[in-house]
Amino acid sequence: MKNQRILVLAEKPDAAKKIAEALSINGRDFSAFRHLIEIPRGFDGNHYTVCSALGHLYELSDPHQMRNLFPVLDIDWFPRTVVASNQRRWGHNSGMNALVGQKIKEISRISRECSSQVNACDYDMEGETIGFNSLIFAHPVRSYDQEILRAKFSTLTVEDIRTSFRKLTSSDPKVAGAGRMRHLADFLWGVNLSRALTLSSSFPEDRKPLLLTVGRVQGPALSFVVDREWERRIHVPVPRWQVSCELEKSRHVLTAFYVDNPIRKYAVAREIHRTTSGTKEAIVTRVERTSFSIPPRYPFHLTELQKEAFKLFKLSPKTTLSIAQKLYQKALISYPRTDSQKLPEGIAFEQIFTRLSALDVYADLLRQLRSNPKRRFRPVQGPREDPAHPAIYPTGELPGTTLYTTEKKVYDLIVRRFLNAFAPNEIVEKLRVTFHTGSFDFSVESATILEKGWALYYPYTKGFENFSNVSFKEGEKVKVLSSSLREEYDPKPSRFTEASLLSRMERESIGTKATRADIIATLSDREYIQKENLELLPTAIGTSLIENVRGIAPEITAPEMTRALEQKLDRIRTEGSTDVDFVSEMLSAFRPVMKKMQSRNLEFESKPRVVRRLDQENLELGPCPFCKRGTLQLIRSMKTGKRFIRCSNFEKNCKTSSAALPRGQILPIGEPCPRCQWPMISIKFGAKRVRRTCSNFNCSSREIIP
Amino acid sequence: MSQSICRLCTRKVDVGSDYCVSHYRAYSQLQKKYPEWKSAYENISWERYLETIMELKEIGDLAKALAAEELRRSKAR
């Protein structure tokens with residue numbers, strides 16, 4: 001192809017600029033005008049017009065916009081301008097409406113003037129969908145796969161983009177079809193379920209209805225957090241015991257543990273402790289040395305990068321993804337939304353090393369790596385594959401502008417993980433010494449790094465306990481200094497963090513690598529979960545939502561349904577199974593749920609305001625200051641709907657009670673009032689106004705503290 | 001007080017129980033773990049078990065409330 005005019009569609013303006021720089025001969029020979037970038041003479045002699053799509057230009061919507069009706073099955077794709085103007089009627093404002101309209105017009109005009117069209121959006125299902133909709137709706141073609149070409153690249157470097165334009169392929173309608181069906185499934189489930197919940201929890205006198213949303217991925221994700229909290233609340237600890245003894249050898253004191261720790265019977269633990277307490281010596285019965293090698297960590301896929309960034313820098317998965325996206329758009333790293341742990345041989349690794357050496361921070365590391373005779377020439381590969389992209393790796397491009405601190409951290413993590421994949425294994429020697437004392441066996445373990453390997457480049461691993469400077473011989477005696485018996489209890493199950501929830505979602509195959517972080521952020525934005533010292537807690541409203549939905553249609557909160565849907569979408573993408581099959585299968589799961597929601601609607605509504613104020617039901621505020629045994633609870637009267645506070649022992653003997661403010665979200669603070677010892681509470685009005693006060697309505701200290 | 005109200009809160013009781021669904025879950029957990037305590041401490045009594053677990057910081061709040069209620073009922077008998 002030469003001297004042809006070609007329309008190139010990029011997903012975002014930054015990517016469009018990078019593509020334009022790569023397609024022009026010297027990186028500057030292009031002009032930008034009215035959201036279009038013209039390259040009159042590209043690197044291959046063609047005339048390119050590059051346009052960006054601003055994400056989705058077309059969205060699914062309900063043409064009737066009757067928000068008090070569900071289920072809605074009559075849906076279609078509309079330009080975002082139309083969807084946005086409908087949303088404005090409902091108080092939502094989308095700032096880029098005019099710009100989207102202009103983009104659609106420009107793409108439509110240029111696509112008619114051009115001889116070919118190239119979809120250069122991100123090479124994944126979402127990119128294929130954006131490209132398909134933007135180009136097909138702008139200028140209908142007879143055959144998508146033959147008339148619209150696809151540029152496939154994993155980095156925004158000049159070499160990668162030019163290579164992909166030299167080897168343009170036909171578009172894949174199966175991937176676009178799967179993407180469109182995913183949007184359809186999300187809309188059908190998300191919009192209809194949210195409408196059903198919102199309507200059933202609203203009352204005619206409500207000025208503004210309580211917006212309750214739940215989707216096919218949101219539901220199971222929230223239920224994981226809620227269920228974990230339930231496990232914690234009903235947790236009954238069971239005891240276990242650890243017996244250990246302090247040993248002295250060559251002036252070193254070591255702690256040896258009973259070989260069958262933990263012990264589940266107190267009598268056994270006490271007997272071992274009693275026997276060993278009376279002994280002065282232990283005999284070394286076995287010295288075992290085993291050496292093993294630990295291979296480098298696998299190259300990063302998105303979820304692993306998000307988990308590591310959370311573990312090391314406490315960055316939320318959403319922040320990590322957005323930083324990785326920025327680094328990709330600056331052509332510093334490869335495409336981050338990948339599931340792959342493989343780095344294919346086609347990547348110019350040596351060239352990347354040479355380029356990275358120009359950065360002072362990596363110069364020494366790379367010198368060591370390249371001079372290491374045991375280095376790998378082919379990087380270590382993980383088991384996971386992604387047909388579209390390799391694992392995340394640095395392109396070798398140097399940051400032109402200064403990176404922000406968090407960007408630097410994530411970039412450094414990616415570079416180090418990449419270098420680690422070429423490093424030799426860590427050779428570790430494990431030493432286990434077993435002692436016999438008082439007719440029981442105790443052991444002590446240590447590990448020593450014999451040969452440093454990949455940990456030099458990726459030093460974010462746990463260290464080993466080391467006592468290799470003490471030598472032991474079988475049969476020799478060591479001094480027993482003391483013996484101790486420690487009682488422990490099974491701890492409460494840990495709360496989810498954003499990283500562990502992400503892992504759970506991945507394990508359960510719900511959501512996609514690109515959407516999981518957003519789902520967690522949405523749960524937080526909707527105030528279904530809250531963060532406390534990095535732990536995720538369900539709010540009262542989140543808990544009640546799951547309990548209510550589970551009572552009506554448990555399949556919405558279970559991962560099985562959404563997992564099955566993902567598998568069907570995969571079948572469309574890989575095997576090209578038809579959209580009709582998918583829709584009919586989805587509707588067969590969808591209809592019974594909607595029927596249940598409709599039939600249970602009255603019961604939902606009949607609960608006297610409890611559903612609307614889900615977040616306030618029987619909230620525990622703190623210990624009762626009078627009976628000292630009960631708990632003060634915030635209760636909504638089943639008869640009047642009014643709130644009040646009373647002791648959980650009210651029905652028995654404690655008559656402690658108080659009125660409560662009718663409005664505002666009441667939360668316990670966890671400290672007593674200095675005057676009357678009732679629990680202090682915070683009352684939240686709207687988004688920002690918060691009062692901190694005593695829960696006792698008659699307390700003299702009830703003054704508003706901002 | 002109607003029999004259909006949970007002994008520890010104002011919710012309706014679960015079928016065949018004195019507690020609502022939430023508190024019944026905690027009650028089941030208390031009963032499920034009792035054999036493990038009996039095995040650990042060689043026939044610890046139900047009351048002693050309840051008294052002991054109530055003092056532990058690892059216990060969940062619903063389980064603790066249930067333990068207190070069950071202990072009170074047990075002593076009242």
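How many residue pairs are in polar contact between chain A and chain B? The count is nine residue pairs, both residues being at pLDDT 80 or more, where a polar contact is a pair of N or O atoms within 3.5 Å; within protein, one atom must be able to donate a hydrogen and the other to accept it, and residues adjacent in sequence count only if both atoms are side-chain atoms. This is a predicted model, in which local features need pLDDT of at least 70 and side-chain atom pairs count only at pLDDT 80 or more, while totals for chains, interfaces and linings use all residues. Residues are numbered from 1 along each chain as its sequence is written, chains are lettered from A and ligands numbered from 1 in the order in which they are written, and side-chain values use heavy atoms, with hydrogens and water left out.

The largest share, three residues, comes from α8(A). By class, this side of chain A divides into twelve nonpolar, four polar and 13 charged residues; here Ala, Val, Leu, Ile, Met, Phe, Trp, Tyr, Cys and Pro count as nonpolar, Asp, Glu, Lys and Arg as charged, and the others, Gly among them, as polar.

Taken as a whole, 29 residues of chain A are in contact with 30 residues of chain B, contact meaning heavy atoms within 4.5 Å. The area buried between the two chains is about 2600 Å², of which carbon and sulfur atoms give 55%; buried area is the accessible area (1.4 Å probe) that two parts lose on being put together, summed over both. Between chain A and chain B there are also two salt bridges, a salt bridge being a side-chain nitrogen of Lys or Arg within 4 Å of a carboxyl oxygen of Asp or Glu. B:R25 forms a salt bridge with A:E547, and their closest N and O atoms are 3.5 Å apart.

Chain B itself has three helices and zero strands, so that its elements run α-α-α from the N terminus on. Along the principal axes, the C-alpha atoms of chain B fill a box of roughly 40 × 25 × 20 Å.

Over all chains, the whole structure holds 62 salt bridges. In one of them, A:R216 is paired with A:D186, the closest N and O atoms being 2.5 Å apart. This pair links distant parts of the chain, 30 residues apart, with A:R216 in the loop between α7 (173-200) and α8 of chain A and A:D186 in helix α7 of chain A.

Two loops of chain A deserve a look at their backbone. The peptide bond from A:N261 to A:P262 is cis, with omega near -10°, and A:P262 lies in the loop between β11 (252-258) and α9 of chain A. A:N533, in the loop between β16 (529-532) and β17 (535-538) of chain A, has a phi near 50°, a positive value in a residue other than glycine.

Notes:
Helix = DSSP H or I, 4+ residues; strand = E, 2+ residues; numbered from the N terminus.
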